[in-house]
Amino acid sequence: MEAYNHHTALLEEAVTVLNRYTPFSSQHRVTFSQRPDGRLAGHLERTDGTPFSDSALPLDRKLAQLKDQTAVIRPFFLAMSRTPWDESTENVVAQVDFDYAAILGYGVDQEEKAFLKALYFLPTDALLAGRKPGPDGTWKFPLATYSVHHLSLDPRKNFARFLYLVDRMTEALEYQHDKMGYYYSCPPQR
């Protein structure tokens, strides 16, 4: 992924927004951070402090197989107004090695600074549904079509359909594990 300067600001905003969902937890909690490779991380933990490997719950046993109990989140950049940047190559995926996608819908102010207008947060399986890689082996996704996965930028002020985001994430990760036998971010070694 080529790093544009505006991506750094958008990723910081996305982490701030996603962490607004952290206090809304049940048995699990998720906290978000940036990774050095330009992706995001969603670190999962049990709210009672029990390690996933020591839990008797089948879901926790599956989550224990997720490297460092951290979901890898691949950002996509969706311009929602005229911008000076071309994101076409930025949003092409050569390898599906992430568990979640964060589509960062952004606008540009008069000083040509990008700001987050919308955040769509979806499991990789939802992103891949009905899609195939192109003849060159790369994936291109219709980013503007995932409105069902729209998150409120401030769940305490605006309606937040997915307030308990961690429950939504753990369900999707469990589905991914049940379907594949592993997580996209940590495939079996060949």
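Which residues of strand 4 are buried on one side and on the other? Tyr100, Ala102, Leu104, Tyr106 and Val108 are buried on one side, and Ala101, Ile103, Gly105 and Gly107 on the other. Buried means under 20% relative accessible area, exposed over 50%, and partly exposed in between, with a 1.4 Å probe and protein chains only. Nine of the nine residues of strand 4 are buried, so the strand is largely enclosed by the rest of the structure.

The model is predicted: local features need pLDDT of at least 70, side-chain atom pairs count only at pLDDT 80 or more, and totals for chains, interfaces and linings use all residues. Residues are numbered from 1 along each chain as its sequence is written, and side-chain values use heavy atoms, with hydrogens and water left out.

Helices (H or I, at least four residues) and strands (E, at least two) are DSSP runs numbered from the N terminus. Six strands form an open sheet in the order 1-2-3-4-5-6, with mixed pairing. Strand 1 (28-34) and strand 6 (150-151) stand at the edges. Each has a single partner strand, so one side of each is left without a neighbour in the sheet. Two strands pair if DSSP finds at least two bridges between them.

Strand 4 (100-108) pairs with strand 3 in the parallel sense over seven bridges. Leu104 of strand 4 is the bridge partner of Phe77. Strand 4 and strand 5 run antiparallel and are joined by nine bridges. Tyr100 stands opposite Pro123 in strand 5. The two strands, 4 and 5, form a hairpin with five residues between them. Glu112, in the turn, has a positive phi of about 60°. Strand 5 (residues 114-123) also pairs with strand 6, in the antiparallel sense, over two bridges. There, Leu119 has Leu151 of strand 6 as its bridge partner.

Helix 1 (residues 5-19) lies across strands 1, 2, 3, 4, 5 and 6. Its direction is at about 60° to strand 5. Helix 4 (residues 165-180) packs on the sheet and touches strands 1, 2, 3, 4, 5 and 6. The direction of helix 4 makes about 90° with that of strand 1. Axes are lines fitted to C-alpha atoms, for helices over the stretch in contact, and angles run from 0 to 180 degrees between N-to-C directions.

Helix 4 has 16 residues, which should span 22 Å at 1.5 Å a residue. The expected span is 1.5 Å times one less than the number of residues. The end C-alpha atoms of helix 4 are 22 Å apart, which agrees. Buried residues of helix 4 include Leu165, Arg168, Met169, Leu173 and Gln176. Gly181 follows the helix and has a positive phi, near 90°.

A nonpolar core is a set of buried Ala, Val, Leu, Ile, Met, Phe, Trp, Tyr and Cys residues joined through side-chain atoms within 4.5 Å. The largest has 36 residues, of which Leu104 and Phe121 touch the most other members. Helix 1, strand 1, strand 2, helix 2 (58-63), strand 3, strand 4, strand 5 and helix 4 each supply at least two residues of this core. Helix 1 gives the most, with six residues. Beyond four places in sequence, the contacts of Phe121 include Phe32, Ile73, Leu151, Leu165 and Met169.

Arg46, in strand 2 (residues 40-46), counts as buried at 10% relative accessibility. Polar contacts (pairs of N or O atoms within 3.5 Å; within protein, one must be able to donate a hydrogen and the other to accept it, and residues adjacent in sequence count only if both atoms are side-chain atoms) join its side chain to those of Asp48, at 2.8 Å, and Asp60, at 2.5 Å.

Thr124 lies in helix 3 (residues 124-128) and is buried, with a relative accessible area of 0%. A polar atom of the Thr124 side chain lies 2.7 Å from the backbone oxygen of Phe98. Asp125, also in helix 3, is buried at 11% relative accessible area. The side chains of Asp125 and Lys179 are joined by a polar contact of 2.8 Å.

Notes: Contact = heavy atoms within 4.5 Å.
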